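Subject: Structure handover and findings

Hello,

Here is the structure for your files. Please load it before you read on.

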Amino acid sequence: GGSVKAGKMPEGEKTRQRKQEERRQQKEEEREGLIEFYGSYQELFQFFCSNTTIHGAIRLVCSKKNKMKTAFWSVLFFLTFGLMYWQFGILYREYFSYPVNLNLNLNSDRLTFPAVTLCTLNPYRYSAIRKKLDELDQITHQTLLDLYDYNMSLARSDWSTLSTQKRSSRSLLHHVQRHPLRRQKRDNLVNLPENSPLVDKNDWKIGFVLCSENNKDCFHQAYSSGVDAVREWYSFHYINILAQMPDAKALDESDFENFIYACRFNEATCDKANYTHFHHPLYGNCYTFNDNSSSLWTSSLPGINNGLSLVVRTEQNDFIPLLSTVTGARVMVHDQNEPAFMDDGGFNVRPGIETSISMRKEMTVRLGGSYSDCTEDGSDVPVQNLYSSRYTEQVCIRSCFQLNMVERCGCAYYFYPLPDRAEYCDYTKHVAWGYCYYKLLAEFKADVLGCFHKCRKPCKMTEYQLSAGYSRWPSAVSEDWVFYMLSQQNKYNITSKRNGVAKVNIFFEEWNYKTNGESPAFTVVTLLSQLGNQWSLWFGSSVLSVMELAELILDFIAITFILALRWFRSRQQLSPPGPPPNSHDNSAFQDEAPGLSPPHHFTVKAVVTMLPSYNSLEPRGLSRDGDMGHE
């Protein structure tokens, strides 16, 4: 009993020691610096979980005496973090895919009338090439007679002068014989693809042979129809005749008055200032209305009476029957400063019919940059624009083919503009250009040349949606006086009334025009809003909670650096001085080692001081008193 009493500390002594401890802590607090860090990772995370505004973090501290609850809340906390950042990844992926919204707007305003191109569908026998065309017709006549036993009548040929033309036609005949039109058995065509069974009723195929310059490689350009084969073969030689003309202006023989009988726009008569003329190898004379940017037509009102009205001649005289197999006219509506590609966007007008074409304007505006691969003006497209017009996708594709044609074949295709320092293909100068052209055309269609990938869509384009209606014109009861007035006005006697004329009306259906625009579907503001929604969903916190998490990461890095620095300095102070050079006596180290002071005798100096202890769920005073009670 006496020993127990002797071991007890007087109450006054306890109070004195407690006050000394409080004074010591107060002095330490007074010595705190501007920046303080925690003494351990446990202290850092305990303070963060106890004071953060992130929901669920406090449970990691409250339940630390219950290991099951601690494990449960730890798994739940980090699982929630994982799910949230998984959602973050989805949002970032959607943002960097640059989605767009399609905006549809209807606008009402006076509309600028588009350009209208009209072609005769009548390849003309121009005087500059009339003689060679007659020679080609005679050769074709003999070819059809040999192949099909068909005696073709040549209305324009002067058979009495055939003997005098034989000498001049030797050159043409030589080249025609080099590219003959043949009809062969199917089994004899070894180079014909099996998926193109081009056979007529007698199991014959017709086409023409194209060979390389040294005649080592040849292939048979075959067709399923004899009409197509003859027309393509004749067109091939016709292009060569056109390419031999040194000056393209020699083919500029406009015959506007004999093609356009009447022209009115907005009830006003058209004149020569309202159209431009050009020649198309297959469609003949073509006239483009309202292509002058200085004085463009505008439609004051919609309707058939406020558009363009044309009466055109469709009777074909002095034409080339082997090149054009249709009658009528071809019309195309396009925007100003754009070439008229009659093969792509044009359609035929029937003779003896009034064709009423209503238009609806539609504009498309795309977002460039990261949102699409469109181009503003084609300056960033790696293809030279050979047309004297603004950039369009079709302009780029045709320019790309022509440039490859010049590079591969050494000459340019006659249907497309001529590049600098190049000349059109002509088999009097380029013997095997036909062989090279058809090989290149096959690669072009298969996109081996890459033209369809290089040529991008323009960011802004205007299109016209067309719908047509047809009626007989003139009617049976009015055709007599209509044809009489036309013949008196134009001084031309129409021999075939029903196939002699046609009428075309082109007008706006309504004033409204549609604009298809694009806008970013996912902006930076949208991204931040979605990220905030996800953060609030999983943790119910705000932007300041994100800053608390960032602060935790920075404190973690700082404590790691401080602890590493302390460890490194303590290792330096505990390490004994090295032995003198060339000395193997370890007795000094062995004698000194047992007498080393314990580690607590060394003073570790840090750059920053320690933070004071924070009140936790287990106050330090209670644990000390409990320990003293046990003592």
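Below are the conventions, then the findings by region.

This is a predicted model: local features need pLDDT of at least 70, side-chain atom pairs count only at pLDDT 80 or more, and totals for chains, interfaces and linings use all residues. Residues are numbered from 1 along each chain as its sequence is written, and side-chain values use heavy atoms, with hydrogens and water left out.

UniProt, in an unreviewed entry, places the feature "transmembrane region" at residues 71-92. UniProt positions follow the numbering used here, feature names are shortened, and annotations may be inferred rather than shown by experiment. In the model, residues 71-92 are 100% helix and 0% strand. The end C-alpha atoms of that span lie 31 Å apart. Helices (H or I, at least four residues) and strands (E, at least two) are DSSP runs, numbered from the N terminus.

V75, L79, L83, W86, L537 and W538 make a nonpolar surface patch of about 620 Å². Helix 5 (67-96) and helix 16 (524-539) are the elements that give two or more residues to the patch. Helix 5 has the largest share, with four residues. Patches are made of residues with over 30% relative accessible area and no salt bridge; like charges are joined within 9 Å, nonpolar side chains (Val, Leu, Ile, Met, Phe, Trp, Tyr) within 5 Å. Accessible areas come from the Shrake-Rupley method with a 1.4 Å probe, and for residues only the protein chains shown count as cover.

L83 sits in helix 5. L83 counts as partly exposed because its relative accessibility is 32%. The cut-offs: buried is under 20% relative accessible area, exposed is over 50%, and partly exposed is in between (1.4 Å probe, protein chains only).

**Salt bridges**

How many salt bridges does a search of the whole structure find? It finds eleven. A salt bridge is a side-chain nitrogen of Lys or Arg within 4 Å of a carboxyl oxygen of Asp or Glu.

- R264 and E267 meet through their side chains at 3.5 Å, N to O. R264 is partly exposed at 35% relative accessible area. E267 is also partly exposed, at 49%.
- E338 and R390 meet at 3.2 Å, N to O. This pair links distant parts of the chain, 52 residues apart. E338 is in the loop between strand 13 (329-334) and helix 11 (342-345), and R390 is in the loop between strand 15 and helix 12. R390 has a relative accessible area of 35%, so it is partly exposed. D335, E338 and R390 are linked in a network of salt bridges.
- R408 and E443 meet at 3.1 Å, N to O. R408 lies in helix 12 and E443 in helix 13 (residues 433-445), so the pair ties together parts that are 35 residues apart in sequence. R408 is partly exposed at 44%. E443 is partly exposed at 25%.

S358 is in strand 15. Is S358 buried or exposed? S358 counts as buried, because its relative accessibility is 9%. Beyond its neighbours within four places in sequence, S358 is in contact (heavy atoms within 4.5 Å) with Q465, L466, S467, F507 and E509.

E376 lies in the loop between strand 15 (353-365) and helix 12 (393-409). E376 is exposed, with a relative accessible area of 64%. The C-alpha atoms of E376 and P458 are 5.9 Å apart, although 82 residues separate the two along the chain.

**Backbone points**

The peptide bond from W473 to P474 is cis, with omega near -15 degrees. P474 is in the loop between strand 16 (460-472) and helix 15 (479-490).

Y98 is not a glycine, yet its phi is positive, near 50 degrees. Y98 is in the loop between helix 5 and strand 1 (100-108). Y98 is partly exposed at 26% relative accessibility.

D447, also not a glycine, has a positive phi of about 60 degrees. D447 is in the loop between helix 13 and helix 14 (451-454).

Best regards
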